[in-house]
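Look at it first, then read on.

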Amino acid sequence: MRSAYLFFIVALTLFSCRETPPPAPVGPLPSERQLAWHQMEYYAFIHFSMNTFTNMEWGMGSEKPEQFNPTALDCRQWARICKAAGMKGIILTAKHHDGFCLWPSAYTEHSVKNSPWENGKGDVVKELSEACKEYGLKMGLYLSPWDRNHADYGKPEYITYYRNQMKELMGNYGEIFEVWFDGANGGTGWYGGANEERRIDRTTYYDWENTWKIVRELQPGAVMFSDGGPDIRWVGNEQGWARPTNWSLLKKKDFAPGVVDNLEHLRAGQEDGTDWIPAEVDVSIRPGWFYHPAEDTLVKSLPKLLDIYYHSVGRNANMLLNIPVDQRGLIHEADSARLMELAEALKAGFATDLAFGKKVTATSIRGKSKHYGAANVNDNNPATYWTTGDSAKQASLTIDMINPTAFNRFLVQEFIPLGQRVKKFKIEALVNDSWQTIAEETTVGYKRILRFPEVTATKIRFSVEDAKACPVISTIQVFKAPELSEE
Ligand code: FUL
């Protein structure tokens with residue numbers, strides 16, 4: 001009799017779980033490739049090419065392949081350092097604006113094949129793809145649309161050349177996770193000896209849709225970056241920050257390829273955006289993108305790099321940190337030392353999640369179902385989430401820390417497969433039996449990390465104060481990071 005009763009209870013619970021469907025998605029939504037990209041969070045940019053040897057940032061295109069001559073190029077060293085730095089991938093400048101190609105393209109003589117490096121038999125893109133594979137990193141490529149070397153730049157023939165190169169890069173080097181389309185386009189250049197200024201119509205010249213198709217066909221998992229998408233967007237500055245309010249959404253019609261008319265929209269996204277186009281923060285560890293010996297003493301400080309981390313990864317954006325490889329073809333000692341300091345600081349800062357497994361209660365739970373319960377936010381499983389009934393736009397979670405617990409970082413994630421929803425949230429702490437507000441913020445998105453002076457509390461409350469639809473929160477974590485003296 002008793003077992004029949006138990007069976008009845010279990011069946012009822014299972015039935016009622018199934019009876020409570022998940023919240024309807026609130027569009028726009030991320031694609032599979034975008035979801036995979038969000039999880040990359042922190043990865044390297046490597047600017048290395050002809051400019052490394054001419055001490056330039058933008059080569060004219062009149063350089064000679066013989067000038068490219070690294071003495072000790074070692075892509076395994078790059079990959080080893082990036083891996084140890086905690087990065088998940090490397091994006092390489094396969095071709096920068098000067099047009100020199102780091103792979104032996106069949107469509108130009110202006111490449112490594114005519115350089116003394118490895119007697120013209122070398123291929124930096126291939127070496128890097130092998131090194132990335134060996135170290136478990138993903139590889140991305142930058143193919144500059146602007147080409148100051150090519151005689152046909154500005155004419156339709158150049159677009160065919162550009163697409164042929166894209167086919168080589170997308171077809172011959174294994175899996176690519178990201179393709180980088182830079183926004184700098186047209187101006188003075190060598191252009192096969194013409195040495196003149198060539199202006200192009202950024203909205204029509206490249207016929208982007210048809211170039212994007214090549215990437216989609218050959219690398220369906222790759223995201224494409226540009227000023228306005230199609231998959232991920234420039235964050236509107238090169239200093240290393242997104243706005244605290246950062247929607248992964250943009251109104252596509254406002255972003256014709258190559259035209260940036262509103263930096264604020266790139267920095268903060270648009271709450272009423274029509275497409276999921278999250279932000280990537282690209283910034284260099286040194287003042288320049290390329291290596292210049294005079295900048296060996298100007299590598300960004302650890303506190304500055306931590307600021308960049310919190311202002312990118314901590315603000316719902318990915319961090320693309322550039323490391324200029326030097327004339328030897330190696331990451332310079334000054335940069336690798338700083339990268340290791342950053343890795344150590346991040347490891348120490350996020351070492352122990354103080355909220356893990358603690359009792360969490362919610363003001364409301366969807367269908368009162370365990371499936372959507374508060375315990376899902378601190379179970380270390382990003383696939384589970386807490387959510388409420390459809391009508392709730394305000395709801396809160398309280399974590400019982402049991403003993404007074406000191407903390408200075410708060411991490412929260414929305415379950416973005418169901419859309420970005422939270423518009424306004426608050427964090428409070430119960431300190432000596434009285435609630436204190438620690439932070440009042442706006443968006444969450446894939447990930448939000450807040451830094452604040454250390455607080456010692458017995459309870460922590462996270463309240464959604466406004467949202468597009470009922471909140472869907474997958475993760476909450478709490479940390480006590482060691483403070484740097486200069487921070
Ligand atoms: C800019 C380029 O002009 C720089 O040279 C660099 O490649 C940077 C990442 O993007 O717009």
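Q: Where does Pro145 lie?
A: Pro145 is in the loop between β3 (138–143) and α6 (156–172). Helices (H or I, at least four residues) and strands (E, at least two) are DSSP runs, numbered from the N terminus. This is a predicted model, where local features need pLDDT of at least 70, side-chain atom pairs count only at pLDDT 80 or more, and totals for chains, interfaces and linings use all residues. Residues are numbered from 1 along each chain as its sequence is written, and side-chain values use heavy atoms, with hydrogens and water left out.

Q: Why is Pro145 called buried?
A: Buried means under 20% relative accessible area, exposed over 50%, and partly exposed in between (1.4 Å probe, protein chains only). Pro145 has 0% relative accessibility, so Pro145 counts as buried.

Q: Why does Asp296 count as partly exposed?
A: Its relative accessibility is 24%, so Asp296 falls in the partly exposed class. Asp296 sits in the loop between β11 (279–284) and α9 (302–312).

Q: What makes Glu41 stand out in its phi?
A: Glu41 is not a glycine, yet its phi is positive, about 55°. Most residues other than glycine have a negative phi. Glu41 belongs to the loop between α2 and β1 (42–46).

Q: Is Glu41 buried or exposed, and why?
A: The relative accessibility of Glu41 is 11%, so Glu41 counts as buried.

Q: Why is Tyr191 called buried?
A: Tyr191 has a relative accessible area of 1%, so Tyr191 is buried. Tyr191 also has a positive phi of about 45°, although it is not a glycine.

Q: What is the peptide bond from Gly27 to Pro28?
A: That bond is cis, with omega near -5°. Most peptide bonds are trans. Pro28 is in the loop between α1 (2–19) and α2 (32–38).
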